[in-house]
Amino acid sequence: VLVLLSIHSQSKKEIQIGGIISLTGKAAVYGEWVKNGTELAVKDINARGGVNSLKLTLVLEDTQTDPKLAVSAFQKLIILNKIQVATGLVSSSEALACAPVAESSRVVMITPIAGSPNIKDAGDYVFRTRESGEVHGYKMAEYIFNDLGHKEAAIIFENTANAVGYKDSFAGKFTELGGKIIVSESYEEGQSDFRNIIAKAKNINAKAVYVPGVAAIIGSVLRQSREM
């Protein structure tokens, strides 16, 4: 990325990097981590002289954890700020929505958070710096089946790109190990009452329930589970 920035920096006084980040919305807790980490990296690089003696500047745009707003923010920064690199794109839905923009504009986008397995095939200009959500699903399946000894499991997941990827990898591995998925129920973005879904897992006396999604919503699922 720094090589790319060097190529495009010759006629500029500074290098602008797009920060397309969920500062509000359901993924804001992750967005704050990304914002803080990116700002620390920019500060560190600038303290060491920047890139080709040019300072880096982070231009922030709040996506509100909305894929449509993420695409608009990405396009705005490409057209108005002439960015060559964007980071953030916290949710998988945002990252996958912005991938075609990165490809058509030849602008590198890097997500340090989004976990959907589909991101690895999203394009030549699309990167992430963490493991695929597949790994999480596989490891949790192995833990429940091998370590806890449960041969049946339920899944409660958010109907989004991120959680569906986790759910599919978990279910595939758990079944491969010889386990059985006895309930698989989804909830929609913005949903706040999960009691009907929880009841289905409770009524069949599920000993293990895999709940992929974002932290704020999973907290509500856990709280309502305990209340029941």
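The lining of the largest pocket comprises 19 nonpolar, 9 polar and 5 charged residues. Please bear in mind that this is a predicted model. The volume of this pocket is about 530 Å³. Its lining has 33 residues, and those closest to the pocket centre are Tyr166, Val211, Pro212, Gly213 and Ile218. Which elements give two or more residues to the lining? They are α4 (92-105), α5 (133-147), α6 (161-176) and β8 (209-210).

I turn now to the interior. In soluble globular proteins, nonpolar side chains tend to be buried together. Here, the largest nonpolar core contains 21 residues, and Ile20, Phe74, Cys98 and Met109 have the most contacts inside it. Both α3 (67-80) and α4 supply at least two residues of this core, with α3 giving the most, namely 6 residues. A second, separate core has 16 residues, among them Ala27, Tyr30, Val90 and Val211.

Leaving aside residues up to four places away in sequence, methionine 109 touches Phe74, Ala86, Leu89, Ala95, Cys98, Ala99, Ala102, Tyr125, Val126 and Phe127.

Let us finish with another methionine. Methionine 228 lies in the segment after α8 (215-227). Is methionine 228 buried, partly exposed or exposed? Its relative accessibility is 35%, so methionine 228 counts as partly exposed. With residues up to four places away in sequence again not counted, methionine 228 touches Arg195, Ile198, Ala199 and Lys202. Isoleucine 198 is 30 residues from methionine 228 along the chain, and their C-alpha atoms are separated by 8.4 Å.

Terms used: Residues are numbered from 1 along each chain as its sequence is written. This is a predicted model: local features need pLDDT of at least 70, side-chain atom pairs count only at pLDDT 80 or more; totals for chains, interfaces and linings use all residues. Side-chain values use heavy atoms; hydrogens and water are left out. On a 1 Å grid over the protein atoms alone, a cavity is a set of points where a 1.4 Å probe fits but cannot get out, and a pocket is an open set with protein on both sides within 12 Å along at least five of seven lines; lining residues have an atom within 4 Å of a point. Grid points are joined across faces, edges and corners, and a volume is the space filled by probe spheres set on the points. Helices (H or I, at least four residues) and strands (E, at least two) are DSSP runs, numbered from the N terminus. Ala, Val, Leu, Ile, Met, Phe, Trp, Tyr, Cys and Pro count as nonpolar, Asp, Glu, Lys and Arg as charged, and the others, Gly among them, as polar. Buried means under 20% relative accessible area, exposed over 50%, partly exposed in between (1.4 Å probe, protein chains only). Contact means heavy atoms within 4.5 Å. A nonpolar core is a set of buried Ala, Val, Leu, Ile, Met, Phe, Trp, Tyr and Cys residues joined through side-chain atoms within 4.5 Å.
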